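Keep the structure open while you read.

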Amino acid sequence: MKVAEVRHILDTIGGMFPEAHCELNHSNAFELTIAVLLSAQCTDATVNKVTENLFRKYKTPLDYISVPLEELEGDIRRIGLYRNKAKHIQNLCKILIEQYGGEVPQAHDQLVTLPGVGRKTANVVVSNAFGVPAIAVDTHVERVAKRLGLAGWNDSVLEVEKKLMKAVPREEWTLTHHRLIFFGRYHCKAQNPGCQVCPLLDVCREGKKRMKTSAIRKTKVGATSKLSETKKRMG
């Protein structure tokens, strides 16, 4: 994709969602790490409801490992895969205490070695907590990037990330990450995207396909309706 086309996409989405930001509530790097870990296969809204009480009860890594695993599981029961996530949290907290003085490491290669922390989580933490430019590819970012042609349909998550990093200026990585999420979450949705009112329809291969399919469907419905009316008049 040409630089001008990428710029058009970034500026358009930026105009739609200028205030895009991380929607996971947190007050420090440690809370953000826990919140992102919990957000896997779960909505940010649900995570925020759970962490509202969780972060009042647990302030440090030591707090999380000072309770039985069953108690922590109960505290996050509303979260999907809560049993595995509770184990990850306690194991993560043990490593933070033993290896990092109870603090979340700032290096990406150290973050990804922590239990429950994958590349996406690490990117979110380094960019939002430590100000390091990064693009975290979640389901929204992946979907939008592929629909708009910023990545290939069959690209892996890592390939999508690399292509976005190449296409987007480095100083805009973090902001673009948030804006792509907002665009995917509130406009270019998985099931019912707002193609009819989308300012990027001219460059969206998915949107053009959907609008063409919709037009064909309407034409068929119209033709069927006219045929039915004609039969009634003739009958």
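1. Thr176 first: its side chain reaches the backbone oxygen of Glu172 at 2.7 Å. Thr176 sits in helix 11; helices here are DSSP runs of H or I, at least four residues, numbered from the N terminus. Leaving aside neighbours within four places in sequence, Thr176 is in contact with Leu10 and Val168, where contact means heavy atoms within 4.5 Å.

2. Is Thr176 buried or exposed? Thr176 counts as buried because its relative accessible area is 7%; the cut-offs are under 20% for buried, over 50% for exposed and partly exposed in between, with a 1.4 Å probe and protein chains only.

3. A word on ground rules. This is a predicted model, in which local features need pLDDT of at least 70 and side-chain atom pairs count only at pLDDT 80 or more, while totals for chains, interfaces and linings use all residues. Residues are numbered from 1 along each chain as its sequence is written, and side-chain values use heavy atoms, with hydrogens and water left out.

4. Now helix 2 (29-38). Of its 10 residues, 10 are buried, Glu31 and Thr33 among them. Those buried residues pack against helix 3, helix 4 (61-65), helix 6 and helix 8. At the start of helix 2, a side-chain oxygen of Asn28 comes to within 3.1 Å of the backbone nitrogen of Phe30.

5. On to the largest nonpolar core, which has 38 residues, with Leu54 and Tyr64 touching the most other members. A core here is a set of buried Ala, Val, Leu, Ile, Met, Phe, Trp, Tyr and Cys residues joined through side-chain atoms within 4.5 Å. Helix 2 gives the most to this core, with eight residues. Beyond its neighbours within four places in sequence, Leu54 is in contact with Ile34, Leu38, Tyr64, Leu72, Asp75 and Ile76. A second, separate core of 26 residues includes Phe17, Val144, Leu150 and Leu200.

6. The largest pocket holds about 720 Å³ of space. On a 1 Å grid over the protein atoms alone, a pocket is an open set of points with protein on both sides within 12 Å along at least five of seven lines, whereas a cavity is a set where a 1.4 Å probe fits but cannot get out; lining residues have an atom within 4 Å of a point. Of the 34 lining residues, Ser39, Ala40, Cys42, Asp44 and Lys120 lie nearest the pocket's centre. Helix 11 gives the most to this lining, with five residues.

7. There is one cavity of 30 Å³ or more in the whole structure. Among the 13 lining residues, Cys188, Pro193, Cys195, Cys204 and Gly207 are the closest to the cavity's centre.

8. Last, Leu158 in helix 10 (residues 157-167). Leu158 counts as partly exposed because its relative accessible area is 37%. Leu158 and Arg119 are 39 residues apart in sequence and 8.8 Å apart in space, C-alpha to C-alpha.

Definitions and conventions:
Points joined across faces, edges and corners; volume = space filled by probe spheres on them. Helix = DSSP H or I, 4+ residues; strand = E, 2+ residues; numbered from the N terminus. Polar contact = N/O pair within 3.5 Å; in protein donor to acceptor, adjacent residues only side chain to side chain.
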